[in-house]
Amino acid sequence: MAEDRPRKTLDLLEDVISAAKKERNPLYFFRGLDAYRSVSARLDWKQYDSIKAEIMEEAEDFGCPVAEYCLK
């Protein structure tokens with residue numbers, strides 16, 4: 001049961017990230033991606049590099065240089 005919590009958290013964070021994209025809200029977008037990276041790393045640390053690459057690509061697509069810089 002405790003193993004389901006990180007997955008549910010990731011699902012909620014995906015919702016936050018997509019809502020922030022729609023609203024063009026860089027603060028929520030950054031916080032969502034940062035939390036997503038953290039929870040994903042706790043869930044499977046071996047996937048950290050690939051998750052970070054995906055997050056950086058998503059940040060580039062969003063087009064906010066501050067978010068990109070803070071996520072590096």
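How far apart should the ends of helix H3 be at 1.5 Å a residue, and how far apart are they? I looked this up first. H3 holds 15 residues, 48-62, and should span 21 Å. Its end C-alpha atoms are 21 Å apart, so the two values agree. The expected span is 1.5 Å times one less than the number of residues. Helices here are DSSP runs (H or I, at least four residues), numbered from the N terminus.

A note on the source. I am reading a predicted model, in which local features need pLDDT of at least 70, side-chain atom pairs count only at pLDDT 80 or more, and totals for chains, interfaces and linings use all residues. Residues are numbered from 1 along each chain as its sequence is written, and side-chain values use heavy atoms, with hydrogens and water left out.

I listed the buried residues of H3: Ile51, Ile55, Met56, Ala59 and Phe62. They cover an arc of only 135 degrees around the axis, which puts them on the same side of H3. The arc is taken from the directions from the helix axis to the C-beta atoms. Buried means under 20% relative accessible area, exposed over 50%, and partly exposed in between (1.4 Å probe, protein chains only).

I then turned to the face pointing away from the buried side. Asp49, Glu54, Glu57, Glu60 and Asp61 are the exposed residues there. The cover over the buried residues includes helix H1 (4-23), helix H2 (26-43) and helix H4 (65-71). Contact means heavy atoms within 4.5 Å. Just past the end of H3, Gly63 has a positive phi of about 85 degrees.

**Entry: H2 against H3**

I checked H2 next. Its 18 residues reach 25 Å from first C-alpha to last, close to the 26 Å expected at 1.5 Å a residue. H2 buries Phe29, Gly32, Leu33, Tyr36, Arg37, Val39 and Ser40. H1, H3 and H4 are among what covers them.

How do H2 and H3 pack, and at what angle? The angle is about 170 degrees, and the axes are 10 Å apart. That makes H2 roughly antiparallel to H3 (over 145 degrees). Axes are lines fitted to C-alpha atoms, for helices over the stretch in contact, and angles run from 0 to 180 degrees between N-to-C directions.

I noted who meets whom. From H2 come Pro26, Phe29, Leu33, Tyr36, Arg37, Ser40 and Ala41. From H3 come Tyr48, Ile51, Lys52, Ile55, Glu58, Ala59 and Phe62.

I looked at Ser40 by itself. Ser40 sits in H2 and is buried at 5% relative accessible area. Leaving out residues up to four places away in sequence, Ser40 touches Leu10 and Ile51.

**Entry: salt bridges**

How many salt bridges does the structure hold? I found two. A salt bridge is a side-chain nitrogen of Lys or Arg within 4 Å of a carboxyl oxygen of Asp or Glu.

One pairs Lys21 with Glu58, with the closest N and O atoms 3.1 Å apart. Lys21 lies in H1 and Glu58 in H3, so the pair ties together parts that are 37 residues apart in sequence. Lys21 is partly exposed at 35% relative accessible area. Glu58 is partly exposed too, at 25%.

The other pairs Asp34 with Arg37, at 2.8 Å between the closest N and O atoms. Both lie in H2, three residues apart, so about one helical turn separates them. Asp34 is partly exposed, with a relative accessible area of 30%. Arg37 counts as buried at 12%.

Key:
Helix = DSSP H or I, 4+ residues; strand = E, 2+ residues; numbered from the N terminus. Parallel < 35°, antiparallel > 145°, perpendicular 65-115°, else oblique.
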